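Please open the structure in your viewer and keep the selection panel at hand.

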Amino acid sequence: MSKMHITTTVNGDDVEFLCDPRETLLDVLRDRLGLTGAKEGCGTGDCGACSVTLDGRLVCSCLVLGAEAEGKRIGTIEGMAKGEDLHPLQKKFIEHAALQCGICTPGILVATEALLKKNPDPSETEVRYWLAGNLCRCTGYDKIIRAVLETAADMREAS
Amino acid sequence: MQYHKPENFEDAVAIAAQAQGLTRFLAGGTDVLVQLRADIAVPDTLVDVKGIGGVKDITRESDGGWRIGIAVSGAEMTEHPDLGRDWPGVVEATDLIGSTQIQGRATMTGNLCNGSPAADAVPAMVAVGMSVSVTGPDGTRRVPVEEIPAGPGRTSLAKGEMISALHIPPRGAAGGDAYLRFIPRTEMDIAVVGCAVNLRLDGDTVAEARVALGAVAPTVLLVADAADALVGTTLDDKALDALAEAASAACKPIDDKRGTVKFRTHVAGVLARRAAKIAYDRARSTRT
């Protein structure tokens with residue numbers, strides 16, 4: 001089976017790769033581009049551990065084919081911090097201990113960054129529904145929700 | 001698996017008509033990729049429709065109706081400034097499917113063509129009288145939505161045929177639609193029962209109605225007796241009782257881990273009542 005040649009943008013960098021038509025964007029990110037921040041939890045779009053943005057839209061990268069990345073802008077957790085400077089959400093997650101094992105964390109951070117770009121002042125209910133597709137088996141969610149709401153408040157104050 | 005990304009419907013249907021083995025069309029991929037990865041349905045030919053012009057457009061037609069492109073995602077429908085004002089039931093039904101991530105990709109066309117009896121968008125589409133354009137090797141025809149599902153996982157589309165657009169009729173004055181489903185949790189689940197009601201008022205009296213049920217039969221049901229129970233009434237208790245009875249009577253559900261026959265049959269009536277009230281209130285609030 002011949003490989004497809006795909007040209008795309010990942011976290012602002014031009015990227016080219018060869019992939020099999022059956023390979024998912026998640027497989028490509030992890031196995032071909034060495035970006036292992038996005039995780040495979042379920043592989044069926046239920047857990048959100050593989051969350052990335054595709055042209056700014058939050059998606060599960062396990063339910064996108066690598067071939068579909070052609071000409072698109074992909075955003076992953078690796079693009080969130082600016083060098084050594086963590087994103088305010090990342091800092092707040094550490095401060096609140098809003099993670100334990102860390103498998104869900106990249107997906108949750110990508111998802112919440114997308115939420116705050118769309119809605120800088122979400123209610124607790126809005127945060128909880130937005131994150132309904134990001135499963136966490138450690139924290140019980142409460143610390144995550146607090147961290148997101150506090151970050152949103154801090155970012156509103158700073159802007 | 002061969003991946004194709006045609007730029008028009010003629011090429012897409014030509015690829016599908018000539019393909020050997022299993023063909024799937026890819027829009028949002030939230031069913032197609034799950035089935036591919038689970039080895040439930042591994043296509044020999046995958047036709048990505050997102051390179052075709054207009055498939056991401058939501059367009060108001062000159063008669064006041066709407067044309068929804070086949071790759072328009074649930075999130076794009078929810079974010080549209082006017083669509084949800086005309087057809088809140090259609091938009092809320094589509095919005096109930098999956099998580100934020102799924103909403104970024106999932107389409108109404110895919111929800112219809114996946115053929116699940118429990119598809120949330122489909123009862124809403126049927127209740128409001130939506131139709132689809134079906135394009136095949138012999139051209140394009142219009143088909144009512146309720147004629148597409150043929151059974152669990154099956155559609156009436158022939159080899160080489162695909163849906164090329166969705167059409168919502170003009171809302172018109174004094175109309176309202178609503179969709180409700182029962183799930184045992186608050187989010188991220190599949191309907192145990194779904195019910196959509198669409199109606200139009202003349203004064204306070206229901207002049208026209210359509211009632212559709214999901215997840216209570218092998219395909220979506222358009223329940224004429226339930227609609228007849230509403231027409232000519234002001235949605236008084238007697239009308240709501242008759243509606244609930246007609247909705248329950250139409251159910252031919254299965255027993256499974258998510259609901260028994262008895263439970264589904266009862267809940268269909270409960271949801272019909274509640275959806276009718278919401279649709280009625282919406283219709284009244286839009287009267288000028």
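Select chain A and colour it by burial: of its 159 residues, 42% count as buried. The model is a predicted one, and its scores are ipTM 0.97 and pTM 0.96.

**Chain A as a whole**

Now switch to a cartoon view. Chain A contains five helices and five strands. Followed along the sequence, these elements give the pattern β-β-α-β-β-β-α-α-α-α. If contacts are drawn between residues at least 6 apart in sequence, 59% of those in chain A join residues at least 24 apart.

**The two domains of chain A**

Select residues 4-79 of chain A in one colour and residues 88-158 in another; the domain assignment names these domain 1 and domain 2. Their C-alpha centres are 22 Å apart. Where they touch, domain 1 of chain A contributes 13 residues and domain 2 of chain A contributes 11 residues.

Which strand gives the most to the side of domain 1 of chain A that touches domain 2 of chain A? Select residues 51-54 of chain A: this is strand β3, which supplies three residues. By class, that side of domain 1 of chain A comprises seven nonpolar, five polar and one charged residues.

**Between the chains**

Show chain B alongside chain A. The contact between them joins 21 residues of chain A with 21 residues of chain B. On the chain A side, select β4 (57-60) and α4 (124-130), each of which supplies at least two residues. The largest share of this side, four residues, belongs to β4(A). Coloured by class, the side of chain A that touches chain B shows 12 nonpolar, six polar and three charged residues.

Next, select residues 2-116 together with 131-168 of chain B for domain 1, then 175-180 together with 187-285 for domain 2. The C-alpha centres of these two domains of chain B lie 26 Å apart. Each side of the contact is made by 12 residues, those of domain 1 of chain B and those of domain 2 of chain B.

On the domain 1 side, highlight α5 (88-95) and β8 (149-151) of chain B, each supplying at least two residues. Here α5(B) has the largest share, with five residues. The side of domain 1 of chain B that touches domain 2 of chain B divides by class into six nonpolar, four polar and two charged residues.

**The nonpolar core**

For the last stop, select Val197(B), Ala247(B) and Ala272(B), the residues with the most contacts inside the largest nonpolar core, which has 140 residues. Then select residues 261-285 of chain B: this is helix α11, which gives the most to this core, with nine residues.

Finally, centre the view on Ala247(B). What is Ala247(B) in contact with, leaving aside its neighbours within four places in sequence? Its contacts are Cys195(B), Val211(B), Leu213(B), Val223(B), Ala226(B), Ala268(B), Gly269(B) and Ala272(B).

Definitions and conventions:
Residues numbered from 1 in each chain as written. Chains lettered and ligands numbered in written order. Predicted model: local features only at pLDDT ≥ 70, side-chain atom pairs only at ≥ 80, totals over all residues. Contact = placed C-beta atoms within 7 Å. Nonpolar A, V, L, I, M, F, W, Y, C, P; charged D, E, K, R; others polar. Buried ≥ 20, exposed ≤ 12 C-beta atoms within 10 Å, placed from the backbone. Domains from an automatic or database assignment. Core = buried A, V, L, I, M, F, W, Y, C linked by C-beta atoms within 7 Å.
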